Amino acid sequence: MLNFFRGDALARLGRSDEAEQAFRAEIEKYPTEPRPYKNLILLYATEGKNTEATQLIFSLEKAAPTPPSYVAISETLKIIGDLPSGPDPETFALAASGEPLYVSNENDNMVTVIDVATRKVLAQVPTGVEPEGMAVSPDGKVIVNTSETTNMAHFIDFPTHKVSANVLG
């Protein structure tokens, strides 16, 4: 945990580049420990590096899908603030490039497309009833959303953000 405490001290001294290196070293050594992720996410957010902060949230969730990680993510998001979305956001997927973020909103049957850096909604895509699962193709050209009630998969084209196909499962 030495790199964690070093990073924290460096961040408080305004030495962001060194703090980032220390937090990264701690994450590399302890990839399932949420505290260095949380501090690095907050460091990125204070520097306006929203894309990097968002990608790191996803990295933590992937490295350690555990209750302590989810608590750290929740606490971090409370500090940073909310991204715009629709009612009852269910799941989200981030394009490999870090932009945009896709959020399924169960109560309005929409997928919200969000520019993380500007925190603005780019599009609202109508889907089937109760959209749930989200995934982005490796090339980032297709977003797949599944609907809980209709047992359908909706294929959303990027960059038009229009449903290009609906497949009944």
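**Stop 1: helix 5**

Select residues 67–80, which form helix 5 in this predicted model. The helix has 14 residues, and at 1.5 Å a residue these should span 20 Å. The end C-alpha atoms are 20 Å apart, in agreement with that expectation.

Now show the side chains of Ser69, Ala72, Ile73 and Thr76, which are buried. Look down the axis of helix 5: the buried residues fall within an arc of 100°, so they line one face of the helix. An α-helix has 3.6 residues a turn, so residues three or four places apart point the same way.

Then step just past the end of helix 5 to Gly81, which takes a positive phi of about 115°.

**Stop 2: from helix 5 across to helix 3**

Select Glu75 and Lys38. Their side chains meet in a salt bridge, with an N to O distance of 2.7 Å. Glu75 belongs to helix 5 and Lys38 to helix 3, so the pair ties together parts that are 37 residues apart in sequence.

Is each partner buried or exposed, or in between? Glu75 is partly exposed, at 35% relative accessibility. Lys38 has a relative accessible area of 19% and counts as buried, the cut-off for that term being under 20%.

**Stop 3**

Select Ala64, in the loop between helix 4 and helix 5. Ala64 is buried, with a relative accessible area of 3%. Leaving aside residues up to four places away in sequence, Ala64 touches Thr32 and Ser69. Ser69 is also one of the buried residues of helix 5. For a distance check, draw a line from the C-alpha atom of Ala64 to that of Leu40: the two residues are 24 residues apart along the chain, and the atoms are separated by 16 Å.

**Stop 3: helix 4**

Move back to helix 4. This helix has 14 residues and reaches 20 Å from its first C-alpha to its last, close to the 20 Å expected at 1.5 Å a residue.

Which residues of helix 4 are buried? Colour Asn50, Thr51, Ala53, Thr54, Leu56, Ile57 and Leu60. The buried residues of helix 4 pack against helix 2 (16–29), helix 3, helix 5 and strand 1.

**Stop 4: aromatic rings**

A search of the whole structure finds three aromatic pairs. Start with Phe58 and Phe92, whose ring centres lie 5.0 Å apart with the planes at 70°, so the pair is edge-to-face. Phe58 lies in helix 4 and Phe92 in strand 1 (residues 89–94), so the contact ties together parts that are 34 residues apart in sequence. Phe92 is partly exposed, with a relative accessible area of 47%.

Next select Phe4, Phe5 and Phe23, which ring pairs link into a cluster. Within this group, the rings of Phe4 and Phe5 have their centres 5.2 Å apart and their planes at 70°, so they too form an edge-to-face pair. Phe4 is buried, with a relative accessible area of 8%.

**Stop 5: other salt bridges**

The structure holds five salt bridges, one of them being the Glu75 and Lys38 pair already visited. Side chains of opposite charge can pair when their charged atoms come close.

Select Asp8 and Arg12, whose side chains meet in a salt bridge of 2.9 Å, N to O. The two are four residues apart in helix 1 (residues 2–12), which means that about one helical turn separates them. Arg12 is exposed, with a relative accessible area of 67%.

Finish at Lys49 and Glu47, which meet in a salt bridge of 3.3 Å, N to O. Lys49 is partly exposed, with a relative accessible area of 28%. Glu47 is partly exposed as well, with a relative accessible area of 32%.

Key:
Residues are numbered from 1 along each chain as its sequence is written. This is a predicted model: local features need pLDDT of at least 70, side-chain atom pairs count only at pLDDT 80 or more; totals for chains, interfaces and linings use all residues. Side-chain values use heavy atoms; hydrogens and water are left out. The expected span of a helix is 1.5 Å times one less than its number of residues. Buried means under 20% relative accessible area, exposed over 50%, partly exposed in between (1.4 Å probe, protein chains only). The arc is that of the directions from the helix axis to the C-beta atoms. Rings of Phe, Tyr and Trp (its six-membered ring) pair if their centres lie within 6.5 Å; planes under 30 degrees apart count as stacked, over 60 as edge-to-face and the rest as tilted. Contact means heavy atoms within 4.5 Å. A salt bridge is a side-chain nitrogen of Lys or Arg within 4 Å of a carboxyl oxygen of Asp or Glu.
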